[in-house]
Amino acid sequence: MSKLSPPSARPSRRGAIVLTAIVVAFIAVAASHLITKKPPRRVAPAQVVSVARAVTGDMPEIMNELGTVTPVATVTVLPQLSGFLTEVGYREGQDVQKGQFLAQIDPRQYQIGKQQAQAQLAKDQAALAQARSDLARYTQLFKQKSIAEQTYANQRFTVMQDEAAVQADKASIAQYDLDLDYCRITAPVSGRVGLRLVDPGNYVSTATTTGIAVITTIKPTTVEFTVPQNALARVIERFNSGDKLPVTAYNSDNTRKIATGTLYAIGNQMATSTGTVMLRAHFDNDDEALFPNEFVNVQLLVDTLKNAVLVPTPAVQTGAPGDYVYVVNANSTVTLTKVTPGPSDGKLTAILAGLKAGDEVVTDGLDRLSDGATVRAAGALPPARGTAPPAGQGASKAQPQTRPGNAQG
């Protein structure tokens with residue numbers, strides 16, 4: 001006969017099971033809460049940036065190119081005949097006028113040659129006079145049938161030969177006169193003489209390649225520069241309309257304005273290697289600020305955009321989206337906005353599309369921004385804890401909290 005458990009043992013065991021189940025359930029709920037609980041969301045602080053407002057204004061359409069000062073004329077004065085250089089009549093670096101005396105070649109041999117030609121002319125003129133006198137007599141005799149026709153014809157030919165000899169003598173004298181003019185070398189153009197190339201006493205000839213002197217026109221002068229083929233059509237359109245396009249020359253480091261002129265010539269061929277065409281601008285250069293063969297920076301004013309939307313140039317960025325700016329919204333966030341930039345003068349850039357006047361754009365601190373980021377303008381105080389941020393300034397989107405004890409009843 002088996003032993004029976006006491007009646008009080010079963011209820012106590014059932015209670016222990018229920019208690020254990022309750023503890024396990026509590027532990028499971030607590031563990032699930034700990035696992036699924038999200039960490040507190042951190043709000044990124046507002047980034048400090050510099051902003052500027054887009055405005056309307058006139059923007060000059062300027063082309064910046066590299067140019068070279070090219071004189072109107074650079075002439076190497078070469079001797080036209082041979083001889084010893086007896087005199088130099090200019091000072092190095094002197095400004096000379098066209099026709100001014102420069103140098104003298106020994107003229108004596110050419111003077112002697114001219115005298116010989118003059119003597120030959122006198123001889124041939126006397127022979128011509130005698131031949132004409134004989135022809136007049138032969139003509140009368142021929143009419144009287146006193147001489148043969150052949151004798152009369154020969155005398156006519158003799159007169160013609162003597163006339164030709166006289167003409168040759170006169171041409172020879174004219175040649176010697178020209179040689180004597182060449183002995184006295186004068187300036188072919190007005191300009192400035194360079195350093196002396198030949199000293200007096202040297203023998204010069206037509207084979208001399210260095211020349212007697214080099215004259216360069218300083219006033220006026222020109223500047224040659226190139227423009228790309230994509231911009232040429234606009235330049236030709238304005239140039240052919242009769243407008244005088246201003247051209248400004250700056251020094252090599254682009255820090256100082258040198259002179260102002262006008263565009264006066266466009267080349268007739270495109271350089272296939274560079275895709276550019278040569279342009280030339282005229283400068284009065286009265287102050288001689290432009291020096292021949294000097295490199296200058298050229299600004300060609302093609303046109304002026306009226307009432308264009310202007311923003312500081314640093315606000316316009318270029319990246320994967322293309323050209324864009326960061327526009328500051330009313331809630332102190334920024335929006336990446338694609339724009340179409342136009343001409344720029346370095347400080348300001350015209351925006352042709354994508355922006356309107358009055359929009360605020362970020363000009364500094366763009367490298368840390370992204371679309372939708374919260375910003376605060378430089379110089380503005382950050383919002384105090386427990387107070388609402390001022391309109392237009394950086395602040396998080398979360399509602400401001402109230403410190404304990406400051407709540408109003």
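**View 1. Helix H2 and what covers its buried residues.** Among the elements that cover the buried residues of helix H2 in this predicted model is helix H3 (149-183), helices being DSSP runs of H or I with at least four residues, and strands runs of E with at least two, both numbered from the N terminus. The buried positions of H2 are Tyr 110, Gly 113, Ala 117, Leu 121, Asp 124, Leu 128, Ala 131, Asp 134 and Leu 135, where buried means under 20% relative accessible area, exposed over 50%, and partly exposed in between (1.4 Å probe, protein chains only). The 36 residues of H2 (residues 108-143) should span 52 Å at 1.5 Å a residue, and the end C-alpha atoms lie 53 Å apart, which agrees; the expected span is 1.5 Å times one less than the number of residues. After H2 comes Lys 145, with a positive phi near 60°.

View 2. Arg 132 and Glu 163 form a salt bridge in which the closest N and O atoms are 3.0 Å apart, the term requiring a side-chain nitrogen of Lys or Arg within 4 Å of a carboxyl oxygen of Asp or Glu. This pair joins distant parts of the chain, since Arg 132 belongs to helix H2 and Glu 163 to helix H3, 31 residues apart. Arg 132 is partly exposed at 44% relative accessible area, and Glu 163 is partly exposed at 29%.

**View 3. The salt bridge of Asp 106 and Arg 108.** The side chains of Asp 106 and Arg 108 meet at 2.8 Å, N to O. Asp 106 counts as buried, with 17% relative accessibility, whereas Arg 108 counts as exposed, with 57%.

**View 4. Leu 279 in strand E14.** Leu 279 is found in strand E14 (residues 276-283) and is buried, with a relative accessible area of 0%. Leaving aside residues up to four places away in sequence, Leu 279 touches Val 223, Glu 224, Phe 225, Val 227, Val 235, Leu 263, Ala 265, Ile 266 and Leu 300, a contact meaning heavy atoms within 4.5 Å. The C-alpha atoms of Leu 279 and Ile 266 are separated by 4.6 Å, although the two residues are 13 apart along the chain.

**Notes to all views.** Residues are numbered from 1 along each chain as its sequence is written, and side-chain values use heavy atoms, with hydrogens and water left out. In this predicted model local features need pLDDT of at least 70 and side-chain atom pairs count only at pLDDT 80 or more, while totals for chains, interfaces and linings use all residues; pLDDT is the predictor's confidence in each residue, from 0 to 100.
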